[in-house]
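Visitor: I'd like to learn how to read a sheet and the core beside it. Could you walk me through one?

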Amino acid sequence: MKIKIIGTGSYIPTKSVSNTDFGDHVFLNEDGTPFGYPNEVVIKKFKGITGIENRRYAEDQYNASDLAFFAAEKAIENAAIDKESLDYIIFAHNFGDVKIGTNQTDILPSLATRVKNKLGVKNPKCVAYDILFGCPGWIEGVLQANAFIKSGMAKRVLVIGAETLSRVVDDHDRDSMIYSDGAGASVLELSTDEAGLLSYESATFANDEANFLYFGKSYNPELDPDIKYIKMYGRKIYEFALSQVPNAMKSCLDKSGIGIEEVKKILIHQANEKMDEAIIERFYKLYDKTPPKDIMPMSIHDLGNSSVATVPTLFDLILKGEIENHEINKGDVVIFASVGAGMNVNAFVYRY
């Protein structure tokens with residue numbers, strides 16, 4: 001018994017912000033002192049490490065639940081199903097709806113409930129709820145859908161990942177250039193053929209790793225210290241990801257019974273190009289192999305890091321032919337993997 005994805009959709013905001021748009025930002029050190037390099041140098045180094053040239057920000061009139069609704073509508077249409085047949089709507093995010101000009105999070109009612117309302121789903125037995133699982137939230141939602149469907153608790157589940165990180169960043173923190181907005185959604189049901197989810201891994205590391213990502217005050221000491229922004233210890237996250245993600249991927253692949261030579265694509269959370277490349281290198285090294293050309297599609301260059309949305313949007317864009325030189329065909333084996341706040345790591349092996 002397996003579950004499979006029968007429909008996908010994504011929403012990519014139209015507001016594009018380039019690296020040069022950060023040229024006038026006043027970047028500060030954590031202690032509030034001026035940063036020691038001109039912004040041109042900061043931006044050049046940033047692009048060399050992350051691969052990000054542009055990122056997308058949500059249009060001012062939209063919040064995360066709006067982006068999610070747009071992606072969900074497309075996924076339902078792509079699946080060619082009646083929306084009233086959904087048993088669960090699982091919405092992965094981290095900060096709720098954040099109106100432009102504020103950074104107050106709004107999660108009442110839940111964002112999943114808001115999406116159900118916007119979709120016009122009348123069935124009260126369609127249960128809508130949110131999950132907070134950091135950047136791996138959409139993958140975790142897929143794993144929960146897997147459990148619901150295989151247990152008989154559900155027949156169809158809509159899983160969404162959406163975020164507006166641009167509204168919770170500290171403009172004085174160089175890391176603010178990483179984050180972006182977007183939404184991806186998928187409809188899942190029981191598989192009646194060879195396609196579907198073959199194996200998975202999921203873990204939370206909550207000792208020293210628990211606070212690698214956190215909500216903290218601005219680097220500008222003149223701003224209200226009680227107003228919080230997304231912060232991270234980038235180097236520690238990098239080292240953590242390289243030590244844990246390849247192992248999780250290997251464990252997941254080994255449990256599937258699929259040989260590494262059969263893997264056609266690896267869709268990994270779009271956090272940092274150099275980090276993702278290093279993860280793939282280490283993963284293949286565990287099998288004494290080198291990564292094949294074009295094994296890892298990337299969307300980060302133009303879309304930035306939209307947290308829970310990176311993996312489902314990347315998947316949808318590939319299926320729709322919008323990622324150059326990449327495609328996923330019937331029967332292809334794909335590994336999905338992510339790492340993020342928690343610190344959480346998860347992965348699943350999927351035959352398309």
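Guide: Gladly; we will go from the sheet to its neighbours and then to the cores. Keep in mind that this is a predicted model.

Visitor: How do strands hold on to one another in a sheet, and in what order do the strands stand here?

Guide: Strands of a sheet pair through backbone hydrogen bonds, in either a parallel or an antiparallel sense. Here 4 strands make an open sheet with the order 8-13-12-11, and the pairing is mixed. On average, neighbouring strands are turned by 10 degrees against each other, direction ignored.

Visitor: What packs on this sheet?

Guide: Helix 8 (residues 310-319) does, touching strand 11 and strand 12. The direction of helix 8 makes about 140 degrees with that of strand 11.

Visitor: Let's look at strand 13. In which sense does strand 13 pair with strand 8?

Guide: Strand 13 pairs with strand 8 (residues 196-204) in the antiparallel sense, over 8 bridges.

Visitor: Is strand 13 mostly covered or mostly open?

Guide: Mostly covered: of the 8 residues in strand 13 (residues 344-351), 7 are buried.

Visitor: How should I think about the cores, and which residues have the most contacts inside the largest one?

Guide: In soluble globular proteins, nonpolar side chains tend to be buried together. The largest nonpolar core has 55 residues, and Met249 and Ile266 have the most contacts inside it. Among the elements that each supply at least two residues are helix 1, strand 11, strand 12 and strand 13. Helix 5 gives the most, with 10 residues. Beyond its neighbours within four places in sequence, Met249 is in contact with residues including Ile266, Phe283, Ala337 and Ala347.

Visitor: Which residues does the second core include?

Guide: That separate core has 32 residues, among them Tyr88, Leu188, Leu197 and Phe348.

Note on methods: Residues numbered from 1 in each chain as written. Predicted model: local features only at pLDDT ≥ 70, side-chain atom pairs only at ≥ 80, totals over all residues. Heavy atoms only, no water. Buried < 20%, exposed > 50% of the residue type's maximum accessible area, 1.4 Å probe, protein only. Pairing = 2+ DSSP bridges. Axes fitted to C-alpha atoms, helices over the stretch in contact; angles between N-to-C directions. Contact = heavy atoms within 4.5 Å. Core = buried A, V, L, I, M, F, W, Y, C linked by side-chain atoms within 4.5 Å.
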